[in-house]
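Welcome! Take a look at it first, and then read on.

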Amino acid sequence: MPELILNGVKINFPFPPYDCQRDYMSKVIQCLQQKVNGVLESPTGTGKTLCLLCATLAWREHFRDTISARKIAEKLQGEEMFSNTPLASWGTAATDGDKPVYYTDVPKIIYASRTHSQLAQVISELKNTSYRPKGCVLGSREQLCINQEVMRQESNHVKVHMCRGKVSTRSCVYYNNVEEKSTDKDLVNSILDVEDLVKFGNKQRVCPYYLTRSLKQQADIIFMPYNYLLDPKSRRAHNIELSGAVVIFDEAHNVEKTCEESTSFDLTPYDVASAVTAVDRLLVEQAKEASQMDPATDFNVESLSSGLKIDISEIAKIKQILLDLEAAIDSYDVPHDRGVTKPGIFIYDLLERANLTYKTKTAVSEALEQIIGYLAGQPGIFLNTSGLQKLSDIIQLVFCGDPSEKDMEKQMQMNTAHFKVHIHQDNSHHKKKTSTDLWASSSTKKQGNILSYWCFSPGFSMQDLVNQGVRCIILTSGTLSPLSSFTSEMRIKFPVCLENGHVIERDQIFVSVIDRGPDGVHLSSAFDRRFVPENMASLGNTIANLSRVVPHGLLVFFPSFPLMEKTLEFWRANGHADRIENVKPMFVEPKGKGTFTEVIDGFYSKVSDPASKGGSFFAVCRGKASEGLDFSDTFGRGVVITGLPFPPKLDPRVVLKMQFLDEMSRKKAPGMRYLSGQEWYKQQAFRAVNQAIGRVIRHKEDYGAIFLCDQRFKSSDARSQLPSWVKPHVRLYDGFGNVVRDASQFFRVAQKLRPVVVKTAAAAAESCSTQCSSVIQPSSFTSCSSFQSSHTQKAKELDAHLPSLKRRRLNEAGGANGMARICIGYESEVQGSQARPTNLLDALEQGDRRRGDDAAGEKSNVWSALSLQYDKRMEDELRGGKRKIKLVSDQKPSVSEDVSEERKATSAKQFLADMKKSLSKVNFDRIVQALQTYKATDNLDVLLTETAVLTEDTKTHGLLRGFYQFVRPHHKKSFDESCVELTGQGCGYKPEHSLSKDEKKAVMLQSCAVREHAGGPISSSACAQLDTQHLNQGGPYLSQQGLKEHLSQQGLKEHLSQQGLKEHQTGSAPKNQVHAAFLADVKKALGPEKSAQLFQAIKNYKKTDDYERLVTTVVSLFTEKDENFNLLIQFGMFVRQHHKKQYKTMLDALIGQPASAADVPVSSEELETQAPRSTPLKTQSKISSFFPGSQRR
């Protein structure tokens, strides 16, 4: 594995790290060495988990080496063990001034993430590294217990007490084997996740839960969900020792919420009533048992055979505490619509009325533990003890610590500075099941007040961790921005901060704000707009159209479950769901955990099915699908955000949180900056959005699109809240049609650059592709579904569209060392940006006007090389020119240019891979750099100098000659001569190798012309070059001057008018009749109001030539219903010639397959200048007429 040294620490990394990974690991080591806290943000897909593990474990090894070096130094008493390696250089970088003496001083690493499924992924990453630390995963009894008698219990805390009882009496066979099996090699030498631990426990008949507790003592790294760390009760239960430990919170965007929830509680009337019922039952039972005893026997603890070790009077006291607490809470007359709020310290006053204080807390807690344990171990009807357990937890939380009498008031003030007490009516109508206790008294059904004690500062839990003596705390996630406000909430210092960039490039991400649907209605999930029918309908139309554009998997996130359910219900009733379902079957995230796995597996299967067009998954922000699930590659090519998921503004907890932050902001504590309530409210929404957005890019080679479908995203303030790696790519659009156009082009390019492996038999895919591409479909709706899913086939067709993609600059920032970029484009020469005419007719029509029309030239140069190449191909297909040229009898196309280019790319990649195996990393990197320099400077000497290393060994002479494929034509002869001189063997140089591509094409054209002039047949391979694009790039026969010499303009016009227009008009209706029929269909389909809107758009287009405005209106009108798509295609007759290619591109995207030339109508005004679609023989004769030979014949 590659080694790198950062801050003096040697790190073994599985592959050469990216720059952002080096930066990340440097910050991690800085935190560890300097004993300071850090907040590190790195986007999903940048490998932060791997970096975190490698950096931390490498530093820990280095720390251990420091101790070894010091121990050796002490034994040598100043002498050097190795003369060339002084002891002073051993391991000093790890500790930054620390002087650890014992190996027990080496810090443990506590790695916490949100869920066990995320921890399983972390452990999987650890197995990919060279590090093999001793480790363990902590879990609950509910997850790890394999004793069936315990697992049958309904309540978790009953399981806990039953387990403890069995352990104390050694009546659990699994627990009894722990000591023997804890040294098992399979267990000690590997880190098992929860699922593996349970399998191991069942196989070896040993308790996984107590096994992990045993392994924890010797572990170097301990994995756990982070509520185990943040909840003081869980921390005590798992006996987690934090002194001197390194604490890491991965996926830390949820830490804030977990910190607050772990130190808050809600005590309901049901909790108190069920606790009273349980104690009542126990009192009756104990009184009966006491009455049956011999009166002469003293009534004491020992005399009770039940095993309950407290006096009956203590049980009575607990009941009285519960009744007093219930009365104190219900004594407040609370308005139905809002509660009563008190400062945090009020909790002590309220509990004191029930005789709960610092002085009585220990006795009450012990009594509660005794009662719960006793009741849990009783056979027979289950008795609900959750209320008693809740009271026990509350006492531990409120009365934490053991302050002296003197410090008690100060402790109480400090404990409650971040809390509020809220008393409000219980409006739940007892949704909790009370049926489990069939003998429950009617008191459990009474309605009363809820006592809430809410923490509003995550800093309370964080300061508690610091007080435990941790070495440092590292928080990391993909969505922590803005870091300043995040760190201020934590109330502890974070000297080390990092906001990392992404490893992806510009062509891998497409981000657009869609503020209006296809019908022009504003999209918004604001409270006053979310359920407006027009808004829901417009959103449905938007999703339906995007499902046509986005390949494979589409993820749609709603702000909340109620909004998603109501919207989907509306779509099902109004046909929008059917339109989406027809393209991408819909899968909806369920509320419960039970069916989620089935739903997500169904979505994965549908996307993977080669016969389908993919699937759409509808989920909610902050839901399970938006957190940590893997939607890499085809499973998540597009993410749609349908609105901003603000917290419910009327929720009492949200209201109080905002008030708390406003209070803190006004106090302006020195050194602390609090968010205002409104800033926090906004941040919660965008953090959830950013987390959902992160599903789209999952690794360095992934790509996808993000659609922000809410008009509020148009504001600069909203966009500033997006992740830093997304912000530079956000595009704003005036019309929906433009979004469709650009998104479809983005996916065409991405599929070409990063084709996915097609999950189908190659033969089936090829046959389907051939069928779909060769047959002109009579209707846009007839398609081959396999063709749409076979994106590799689509990608191959793009070679002809996008040759400029093969010449991407190698020196672009952020990716100069990508091997794929080096493989293509060395034969290309520097070409001017002059836009050539798209076919013969354009060349003749422009004539001498080309030089003078500067404005048109400037406008055409605005388009990138990508757009020009693509538009040329589209124009050729629209006009039918290319098909006419290829219609030669029995013609079988030779290796086409696109396939040839692809073979070159594959060959080049294989060559570089072979070279990498044969050379050292240093030499390989130098040669790759030389290739890049040669591409940029066209300096052959640089390349020859660096590749000279290949001449030193006869085994690498072949590699030197292999570089011939990368050398540009004008250098090939020189390179061949150099190879002969250095290795004694040439590269097979031929004179034609020195010709550029354009020169080769000109030679081919001239050859065809000469042969035709001589009366000989033109070979199929030669004629394959005669497409319109190649003709335009031209030899002497196609220049303006050449055409004048052989064919006059007047002659051409007569030729076209006599042969072309006659043929066309004999088979077509007069223009007025065609227009009238179409307009009648439009009126029938759209109705008078929308028809008038369309006619006005056509008039404006004729006056202004504003294509963008026209297409926005047209798309919005014709895409509301699937049956109107045919009208959208026919509308092409009104689109002017210079906009045809753009219009066809848009049709391709919406229909889901390339529309043939026959599908797009020709406007009548173009008939005068467009070559007719005649038979192959006539077409060939027209082309031949442009050459001198044909004139003579």
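Ser457 sits in the loop that runs between strand S11 (449–455) and helix H21 (459–467). This is a predicted model, so please read the points below as a description of that prediction.

**Around Ser457**
- Ser457 has a relative accessibility of 0%, and because buried means under 20%, Ser457 counts as buried.
- Beyond its neighbours within four places in sequence, Ser457 is in contact with Glu260, His418, Glu489, Arg491, Phe660 and Tyr674.
- Thr263 is 194 residues away from Ser457 along the chain, yet their C-alpha atoms are separated by 9.8 Å.

**Helices H15 and H16**
- H15 (residues 269–291) packs with H16 (residues 312–330) at an angle of about 155 degrees, and their axes are 10 Å apart.
- Angles over 145 degrees count as roughly antiparallel, and H15 and H16 are therefore roughly antiparallel to each other.
- On the H15 side, the contact includes Val272, Ala275, Val276 and Asp280, while on the H16 side Ile312, Ile315, Lys319 and Glu326 are among the residues taking part.
- By type, the residues of this contact between H15 and H16 are 13 nonpolar, one polar and three charged.

**Around Pro723**
- Pro723 is found in the loop between helix H29 (716–719) and strand S20 (730–732).
- With 7% relative accessibility, Pro723 counts as buried.
- Leu480 is 243 residues from Pro723 in sequence, but 8.9 Å from it in space, C-alpha to C-alpha.

Notes:
Residues numbered from 1 in each chain as written. Predicted model: local features only at pLDDT ≥ 70, side-chain atom pairs only at ≥ 80, totals over all residues. Heavy atoms only, no water. Axes fitted to C-alpha atoms, helices over the stretch in contact; angles between N-to-C directions. Helix = DSSP H or I, 4+ residues; strand = E, 2+ residues; numbered from the N terminus. Parallel < 35°, antiparallel > 145°, perpendicular 65-115°, else oblique. Contact = heavy atoms within 4.5 Å. Nonpolar A, V, L, I, M, F, W, Y, C, P; charged D, E, K, R; others polar. Buried < 20%, exposed > 50% of the residue type's maximum accessible area, 1.4 Å probe, protein only.
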